[in-house]
Amino acid sequence: MPDTAEYLAKNIKETVLVSLKTGSWVRGILQSFDRHLNLVLDNAEELVLPKSGGGLEDRRIVRLGKRVLIRGDVVVAISTPDRGE
Amino acid sequence: MPDTAEYLAKNIKETVLVSLKTGSWVRGILQSFDRHLNLVLDNAEELVLPKSGGGLEDRRIVRLGKRVLIRGDVVVAISTPDRGE
Amino acid sequence: MPDTAEYLAKNIKETVLVSLKTGSWVRGILQSFDRHLNLVLDNAEELVLPKSGGGLEDRRIVRLGKRVLIRGDVVVAISTPDRGE
Amino acid sequence: MPDTAEYLAKNIKETVLVSLKTGSWVRGILQSFDRHLNLVLDNAEELVLPKSGGGLEDRRIVRLGKRVLIRGDVVVAISTPDRGE
Amino acid sequence: MPDTAEYLAKNIKETVLVSLKTGSWVRGILQSFDRHLNLVLDNAEELVLPKSGGGLEDRRIVRLGKRVLIRGDVVVAISTPDRGE
Amino acid sequence: MPDTAEYLAKNIKETVLVSLKTGSWVRGILQSFDRHLNLVLDNAEELVLPKSGGGLEDRRIVRLGKRVLIRGDVVVAISTPDRGE
Amino acid sequence: MPDTAEYLAKNIKETVLVSLKTGSWVRGILQSFDRHLNLVLDNAEELVLPKSGGGLEDRRIVRLGKRVLIRGDVVVAISTPDRGE
């Protein structure tokens, strides 16, 4: 059974999609994580959803800078591509 | 008396329905969990309920990617099928 | 003086009514608990109260599956029948 | 200086009035407590206040069952009668 | 430098004004405290402020009973008279 | 690299401006702090901002008493004058 | 894999953009941090976004004083320039 850390370790240098308690989504390349789920992402961008409903396809994209640290405390979920483990 | 970990361990590789503090429901195949109730799910999809009332049967389904990590801190409840333990 | 754990232990296999921070009520047969007040319930159902006031008698019932784990962090209160201890 | 535990211990078997973060008030006979301020109350009833202002005297009373466990995390205050300590 | 505990210890048996996260103010005579800032107050009364603005001078006073325990977790601030330390 | 405690220690007996999670600002002379960021302030006053926008310059000032303890848990930020360290 | 602390250490004396749970953004020169993500910033300014939508380019800037301590508990994300590590 792969645990949380093992799962994240497999996705280092991969693009992840992070859902936050603030309602935002952030997408970027996972550089590191720690046991609090603090995340360091590269080339991160925030996906701003229209207030009046709509889905991810209606998003507006905001660049967050070359590198961003996200505090684990605000993370809801981390979605990653699967590479056949 | 089966405790929390024992209960989740029995549902590895099974479909679970997870209710989140954000009001969302996520359904997927449980791959792993840890003591914080961080969950790794495969083939996860979010069940989006209409704001104007209605029940689970009126949901819209959003694919969350092949594999998703849900932070235990946002989990309200985990519902699982029973297999006669 | 019966403490928290002793009190819950006495109600294993009994029907309990759990009030959640989300405003929901869940009723089911208590199968297990741990020190975080994580609860495993069987035959659980959610009691959905009408938004426009009213009491428990006006509830709508939603089946939650054969077995459900409720995270202790969202529990407000656990009400149990008394059996003369 | 009587500390928190000593204060609650003196009120075992006495009626207490508990104010919750949910905005509810619960009244019952204190049976036990622990260091998280988890409380076990007997003959508990919830005092439902009218939304449109008014005071405790305008309350509606809802029976909570013979015995209830209240999670310390949701407690705001516990009010007790004084017996001249 | 007087620390938190030393500061509260100096105000035992004195009137304090406690501001809570619920938006309420409670005034009473400090009987005890612990490291979580749980407080025991005597002759406590809640100062109910009018919703439509106004200041402490427009308050309505509600008696909370002879003795009340306030959970430290809901405390915002504790204001005390100064006695020239 | 000056750490959090070192930074606050340098501002003992100085005026600080504290922003709270409740949306309030409190200004006073820092008397002490502990590792939870509990703060003791002298001559504290709350800066009440008008609801209808406006900035710090439109504030109304409310005296909080000679000495106030602010619980670290509600602190957002502490702003201090710089004295060329 | 650079961890959280290593990442922040590389940005000491650099300008960072901090997003807070209150919805505010603060920009300043990072002077120190600790393991709770408490941050000390110099020349900090708050970027006030218009309520009626709009982006960072529509912000109003409020000076926060020469030096400010931000409590880690309210931090959502820390964005930093990249310097080719």
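Biologist: Leaving out residues up to four places away in sequence, what does F:I61 touch?

Modeller: F:I61 touches F:R27, F:E45, F:E46 and F:L47. Bear in mind that this is a predicted model.

Biologist: Noted. Which strand is F:I61 in?

Modeller: Strand 4 of chain F, covering residues 60-63.

Biologist: And how far is F:I61 from F:W25, in sequence and in space?

Modeller: They are 36 residues apart along the chain, and their C-alpha atoms are 9.9 Å apart in space.

Biologist: Why does F:I61 count as partly exposed?

Modeller: Because its relative accessible area is 41%, and partly exposed covers the range between under 20% (buried) and over 50% (exposed).

Biologist: Let's zoom out to a whole chain. How many helices and strands are there in chain A?

Modeller: Chain A has 1 helix and 6 strands. Reading from the N terminus, the order is α-β-β-β-β-β-β.

Biologist: What share of chain A is buried?

Modeller: Of the 85 residues in chain A, 53% are buried. The chain exposes about 3,800 Å², and carbon and sulfur atoms supply 51% of that area.

Biologist: What about contacts between residues at least 6 apart in chain A: what percentage join residues at least 24 apart?

Modeller: That would be 45% of them.

Biologist: Back to single residues. Where is D:T80, and is it buried or exposed?

Modeller: D:T80 is in strand 6 of chain D, residues 75-80. It is buried, because its relative accessible area is 3%.

Biologist: Which residues is D:T80 in contact with, skipping those within four places in sequence?

Modeller: In chain D, the contacts of D:T80 are D:Y7, D:N11 and D:V16; from chain E, there are E:K66 and E:R67. On spacing, D:T80 and D:E14 are 66 residues apart in sequence but 7.9 Å apart from C-alpha to C-alpha.

Biologist: Switching to charges. How many salt bridges are there over all chains?

Modeller: The search of the whole structure finds 36. One of them pairs B:R71 with B:D73, at 2.8 Å from N to O.

Biologist: Why can side chains pair like that?

Modeller: Side chains of opposite charge can pair when their charged atoms come close.

Biologist: What do F:D73 and F:R71 form in chain F?

Modeller: F:D73 and F:R71 form a salt bridge, with the closest N and O atoms 2.8 Å apart. F:R71 counts as buried, at 13% relative accessibility.

Biologist: And what's the N to O distance between B:E6 and B:K10?

Modeller: Their side chains meet in a salt bridge at 4.0 Å. B:E6 is partly exposed at 39% relative accessible area, and B:K10 is partly exposed at 33%.

Biologist: Last topic, backbone. What's the phi of A:K13?

Modeller: The phi of A:K13 is positive, about 75 degrees, although A:K13 is not a glycine. A:K13 is in the loop between helix 1 (4-9) and strand 1 (15-20) of chain A, and counts as exposed at 55% relative accessibility.

Biologist: And what about F:K13?

Modeller: F:K13 is not a glycine either, and has a positive phi of about 75 degrees. F:K13 lies in the loop between helix 1 (4-9) and strand 1 (15-20) of chain F, and is exposed at 54% relative accessibility.

Definitions and conventions. Residues numbered from 1 in each chain as written. Chains lettered and ligands numbered in written order. Predicted model: local features only at pLDDT ≥ 70, side-chain atom pairs only at ≥ 80, totals over all residues. Heavy atoms only, no water. Helix = DSSP H or I, 4+ residues; strand = E, 2+ residues; numbered from the N terminus. Buried < 20%, exposed > 50% of the residue type's maximum accessible area, 1.4 Å probe, protein only. Contact = heavy atoms within 4.5 Å. Areas by Shrake-Rupley, 256 points an atom, 1.4 Å probe, with all protein chains shown as cover.
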